[in-house]
Amino acid sequence: MPTKSRLAWVSAVFFLFFLFFAVGGLIPGALRDTIEVWLGLPFSVPPVAHFVLFVAMAFCLPWAWPRLQVAGTLVIMLVLGAVVELLQAWIPGRTPSLEDFLLDTLGAGLGCLIYLWAKRNDETTAVSLNKEN
């Protein structure tokens, strides 16, 4: 069972990633383009951000709220991705994108797989430590 301190940290990290995603997903297109030029990265930020942020959020969410489990995490992540994409229809210079939603979905799936792997390794380590005592 995760400690309260660990749950607090993971919750904070999840909300930080959520804030990055929400702000990035809802800023007007012209401002987003200006920021992307200012960053000067060799790749387009939005596709990478969609994927990476959803991996991180889907990994953190079940650690922060263990009752959700993986199925609940996937549902929340898919609804979040869909809502942000639909809201973009009302933001100047932005349009909803099926590609972004698919990147969100793939990121959420990978984040959940990483969570399951980490949880299994955490439990295996705990069992082996208990056997040594």
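Which residues do ring pairs link into a cluster? In this predicted model, in which local features need pLDDT of at least 70, side-chain atom pairs count only at pLDDT 80 or more, and totals for chains, interfaces and linings use all residues, the cluster consists of Phe-14, Phe-15, Phe-18 and Trp-65. Residues are numbered from 1 along each chain as its sequence is written, and side-chain values use heavy atoms, with hydrogens and water left out.

Rings of Phe, Tyr and Trp (its six-membered ring) are taken to pair if their centres lie within 6.5 Å, and a pair is called stacked when the planes are under 30 degrees apart, edge-to-face when they are over 60 degrees apart, and tilted for the rest. By this rule the count comes to six aromatic pairs. One of them joins Phe-14 and Phe-18, whose ring centres are 6.4 Å apart and whose planes meet at 15°, so the pair is stacked. Phe-14 and Phe-18 stand four residues apart in helix 1, and are therefore separated by about one helical turn; helices (H or I, at least four residues) and strands (E, at least two) are here DSSP runs, numbered from the N terminus. Phe-59 and Trp-63 form an edge-to-face aromatic pair, with 6.3 Å from centre to centre and 65° between the planes. Both of these residues, Phe-59 and Trp-63, belong to helix 3 (residues 45-64), where they are four residues, or about one turn of the helix, apart. Here Phe-59 is partly exposed, with a relative accessible area of 26%, while Trp-63 is buried, with a value of 9%.

The packing of the helices was examined next. Axes are lines fitted to C-alpha atoms, for helices over the stretch in contact, and angles run from 0 to 180 degrees between N-to-C directions. The axes of helix 1 (residues 4-26) and helix 4 (residues 69-87) come within 9 Å and cross at roughly 25°. Helix 1 and helix 4 are therefore roughly parallel to each other, given that angles under 35 degrees count as roughly parallel, over 145 as roughly antiparallel, 65 to 115 as roughly perpendicular and the rest as oblique. The contact, defined by heavy atoms within 4.5 Å, involves Phe-14, Phe-18, Phe-21, Gly-25 and Leu-26 of helix 1 together with Met-77, Leu-80, Val-84 and Leu-87 of helix 4. These residues comprise eight nonpolar, one polar and no charged, where Ala, Val, Leu, Ile, Met, Phe, Trp, Tyr, Cys and Pro count as nonpolar, Asp, Glu, Lys and Arg as charged, and the others, Gly among them, as polar.

For helix 3 and helix 4, the axes come within 9 Å and cross at roughly 145°. Residues of helix 3 that take part in this contact include Phe-54 and Leu-61, and those of helix 4 include Gln-69 and Met-77. By class, the contact of helix 3 with helix 4 has eight nonpolar, four polar and one charged residues.

Gln-69, which lies in helix 4, has a phi near 60°, a positive value in a residue other than glycine. At 52% relative accessibility, Gln-69 counts as exposed.

Technical notes
Buried means under 20% relative accessible area, exposed over 50%, partly exposed in between (1.4 Å probe, protein chains only).
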